[in-house]
Amino acid sequence: MRARNVVAVLLAGVVLQVVLPNAFGLYEALRIQFALIALVCFSLERDWFQSAMVGAAGGFIMDLFSGGRIGVYALSYAVIGLLIGRFQERLYKDNSVAIAGVMVGASFLSSVLVVNVLSLYGIQFDYLGLLTRSLLPSAAGNAIVGCTIFAILRRIKHARSRTWKRSYR
Amino acid sequence: MSGKRKRIVVVVTFVCLFVFLSLPIKVSRSVKEVITDFFYPVFSVSRSVIDKMRDIWEVTFHGDNIVRENLRKEREILRLRARLAEAREKVRELASLDKQLREVAESGFDVLAARVIGREADSFYQTLLIDRGTKDGVKSGTPVLYGDNLVGRVAEVGRRWSRVRLILDVRSAIPAMTLNGNVRGMVIGSGPGELKMTLIEHNAKLEVGDTVVSARLDNILNPDGAPLSQGLVIGKIASVSHEEGLYQSAILDSQVSFSDISEVLVVVSK
């Protein structure tokens, strides 16, 4: 996938994240992180280097549209991309439970990193309260939406490779 | 690219991100102002498109059975129904704004109606993006109301947009007092769904159900910004906790459902 397309997908993800909760009056604390889902889906298929770069780009876009300091999400998404890209080969990607686990893990890791980076600037969170009120429902939402998107992408990929093999024969 | 080069590029990227993080907040704000100005039409159009989709969804799936049957059979009716839903939504919005305006007119504030076009992308911060900016007279620090309830203050202002920091945001701290003015404290946000009033004198008498309003505060840090007006309703005391030490704190119950806010009122002057 070209870098331009990846950035466009991440940008669309962030715009959706900003516009959707308001339009549908969703449960206040539930935030489906489309940019994070896009990053995880990408990292599961690519190497650590590309994943880290895409993570940094996606996080940077998030930072531009968030109400906080630039660099917080970029840093945390770069770390997530790097880790998933590094260990993705050990995962059985057709197993939805494993993918859901990765989505949930990425959501929590992202929150832990963001909370820690923000605490350097004196912004303190009641992490336990945030976890129960917001992070758990958001992680569950990310897992459901992320698994569905990843499964669809895998199917498209398999269908394409089958078509390619048939035409090659 | 070789493995060594890749490692160098990743390390350089991380260093650059740390540099970005250490930049003054003013630089971050100016960069974001430019970007949000550029993407403002995208947010505005996306909001309108999603509103229309929601109307069609409501007409299709929440209408009665006869209407649903008709909608399936005749596309023309669907189109008309969608228009009707749109008109009803507009009437509802106008009625809501009218009610809010009447409530605020009684309080003696000059206000400006604004449409919410976006929300914070994550749950760490609690902010709203509204379609009013410096060209409408909005300043940093301007209080934002929903009805006669204070929901936040403007944190960043662009030409055509503003970012409102809700009172739920962990960075929000609003000087407050009870309606009778006997008890003073500071209302701080604790993330989605929780408001806390702290720094209340230990011997102050607080009762569950007492109304908490904003106390006047001049914008000392930003003299060009707007001061916080006194007497804007924040919420009611839901519970009081008598902690050890000099202060006690209280959990507030807001009358506003923050997830349902689609229009707000910006206090432009008193």
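In the predicted model, chain A comprises six helices and zero strands. Read along the sequence, these elements follow the pattern α-α-α-α-α-α. The radius of gyration of chain A is 16 Å, close to the 15 Å given by the globule rule for 169 residues, so the chain is as compact as a globular protein of that length. Along the principal axes, the C-alpha atoms of chain A fill a box of roughly 60 × 30 × 30 Å. Of the 169 residues of this chain, 46% count as buried. Among the contacts in chain A with a separation of 6 or more, 71% are accounted for by residues 24 or more positions apart.

Chain A is also in contact with chain B: 42 residues of chain A and 44 residues of chain B take part. On the side of chain B that touches chain A, the elements giving two or more residues are α1 (3-22), α2 (25-62), β1 (110-119), β2 (127-130) and β5 (162-166) of chain B. The largest share of that side, twelve residues, comes from α2(B). By class, the side of chain B that touches chain A has 20 nonpolar, eleven polar and 13 charged residues.

The largest nonpolar core has 98 residues. Those with the most contacts inside this core are A:V40, B:L145, B:V151, B:V187, B:I234 and B:V264. Helix α3 of chain A, spanning residues 48-65, gives the most to the core, with ten residues. For B:I234, when residues up to four places away in sequence are not counted, the residues touched are B:L150, B:I167, B:I174, B:A176, B:V187, B:V212, B:V213, B:S214 and B:L252.

Strand β7(B), residues 184-189, pairs with strand β8(B), residues 195-201, in the antiparallel sense over four bridges. Within this pairing, B:T198 in β8(B) is the bridge partner of B:M186. The hairpin of β7(B) and β8(B) has five residues between the strands, and B:G191 in this hairpin takes a positive phi near 95 degrees. Strand β8(B) also pairs in the antiparallel sense with strand β11(B), residues 247-253, over five bridges. There, B:E201 stands opposite B:Y247 in β11(B).

Terms used. Residues are numbered from 1 along each chain as its sequence is written. Chains are lettered from A and ligands numbered from 1 in the order in which they are written. This is a predicted model: local features need pLDDT of at least 70, side-chain atom pairs count only at pLDDT 80 or more; totals for chains, interfaces and linings use all residues. Two strands pair if DSSP finds at least two bridges between them. Two residues are in contact if their C-beta atoms, placed from the backbone, lie within 7 Å. Ala, Val, Leu, Ile, Met, Phe, Trp, Tyr, Cys and Pro count as nonpolar, Asp, Glu, Lys and Arg as charged, and the others, Gly among them, as polar. The radius of gyration is taken over C-alpha atoms; the globule rule is 2.2 Å times the number of residues to the power 0.38. A residue is buried if 20 or more other C-beta atoms lie within 10 Å of its own, exposed if 12 or fewer, and partly exposed in between; C-beta atoms are placed from the backbone. A nonpolar core is a set of buried Ala, Val, Leu, Ile, Met, Phe, Trp, Tyr and Cys residues joined through C-beta atoms within 7 Å.
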